[in-house]
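Dear colleague,

I am passing this structure on to you, and my notes follow below it. Please look at the model first and then read on.

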Amino acid sequence: MLATIAAATSDVLVIGGTGLMGAPTAARLLEAGRRVVIMSRGKTQGQGTNGRRPTTPAGAEMLLCDRDDEDAFVAALCSPDCPRVIVDFTAMKPSQVQSVRRAHEKLPLAHYIFVSTNMAYPGGVERMDVSATDGRIAEKSARLGSASEAPCNYGGNKLKCEALLHRYAAAAPPLRSTVVRPPAVVGAGCDPRHEKLQRLVLGLPPLPETKARPPAERPGRRFRVACADDVAQVIARVVDRPPPPTHASAQRQDGGASEAYEAFNVASGGPQGYDLDDYVAALAAALGRPVPEVPEAPEMRNYEKQGVLDTTRAEEELGFVPTQMSEWMAATVAWHAPLLDGCS
């Protein structure tokens with residue numbers, strides 16, 4: 001029986017393991033010698049340049065399941081072969097976290113890792129913009145207590161999900177949960193925000209815009225993005241983190257009800273962040289091109305809404321080492337380069 005439990009907690013289910021953050025996370029967990037099961041809907045269309053997705057790592061097992069079919073999803077999580085450690089990239093609304101709780105009540109999970117967003121912080125919930133926050137944004141800035149009043153948008157729903165996990169950590173049976181909050185993510189298969197800037201440096205036509213976007217509340221502010229490999233690094237370190245003592249009940253600074261609930265920011269580059277000119281200069285250096293002036297058009301300056309996440313806690317408690325800009329920029333540029341070659 002003990003061997004079965006040990007095996008279950010060394011295996012990991014990655015929900016959304018074929019995407020921007022999921023694929024490198026699955027790869028890192030496999031490199032650590034873990035059994036990895038990827039749950040996917042089996043769709044082929046992805047975000048980013050031409051819908052091309054990152055490469056699914058060899059060695060991962062595939063489980064096709066549409067989590068929006070709640071009964072099928074709960075049944076999959078309660079299967080005897082399903083890992084009891086879950087990394088969830090795709091939960092976007094409270095009902096999806098409630099489904100995880102349903103499964104936990106039937107067959108307890110060892111650890112649930114919920115990938116949230118910097119837009120769960122003040123400003124992000126209201127208008128997808130945390131640029132008005134002065135200084136670095138720490139985990140305790142999330143207002144879990146006001147989640148019920150948050151709008152049902154991307155940031156608001158993520159905050160509602162976090163609030164549920166905060167509550168489930170103190171309920172019976174307690175669900176051990178860790179929340180990981182990245183800002184905009186760059187890397188293989190990232191969304192078009194990076195591509196727009198790489199097109200600018202290359203002198204290519206801009207992508208068509210489908211809707212008008214407001215400028216950042218505080219234009220010109222410094223920010224941090226996260227490379228997908230750094231998200232994977234933090235999650236792998238969270239998976240390795242020992243479980244809390246069963247008697248833990250102290251209130252945490254990050255708003256957790258107990259040691260069974262934790263939250264970590266993840267972001268890349270230096271702790272003070274960078275501005276958009278720095279970002280474009282690094283992009284141009286990676287391409288060996290002159291540095292262009294960035295237009296004032298809001299669709300070109302979305303990164304200015306991301307804020308500067310404070311990753312001190314992840315660095316001190318997990319041993320997280322943020323990747324420096326020159327490294328992740330070169331990798332992101334290289335992935336996009338063949339897709340943009342010949343575009344005119």
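**Notes on strand β1 and the cores**

In strand β4 (residues 85-88), Val87 is the bridge partner of Val14. Please bear in mind that this is a predicted model, in which local features need pLDDT of at least 70 and side-chain atom pairs count only at pLDDT 80 or more, while totals for chains, interfaces and linings use all residues. Residues are numbered from 1 along each chain as its sequence is written, and side-chain values use heavy atoms, with hydrogens and water left out.

β1 (residues 12-15) runs parallel to β4, joined to it by four bridges, and it also runs parallel to β2 (residues 36-40), again with four bridges; strands pair if DSSP finds at least two bridges between them, and strands are DSSP runs of E with at least two residues, helices runs of H or I with at least four, numbered from the N terminus. In β2, Ile38 stands opposite Val14.

Val12 and Val14 on one side of β1, and Leu13 and Ile15 on the other, are all buried, meaning under 20% relative accessible area with a 1.4 Å probe and protein chains only.

Leu13 is also among the residues that touch the most other members of the largest nonpolar core, which has 43 residues; such a core is a set of buried Ala, Val, Leu, Ile, Met, Phe, Trp, Tyr and Cys residues joined through side-chain atoms within 4.5 Å. Its largest share, six residues, comes from α6, a helix spanning 154-168. Apart from this core lies another, of 31 residues, including Val14 and Cys190.

With kind regards

Key. Buried < 20%, exposed > 50% of the residue type's maximum accessible area, 1.4 Å probe, protein only.
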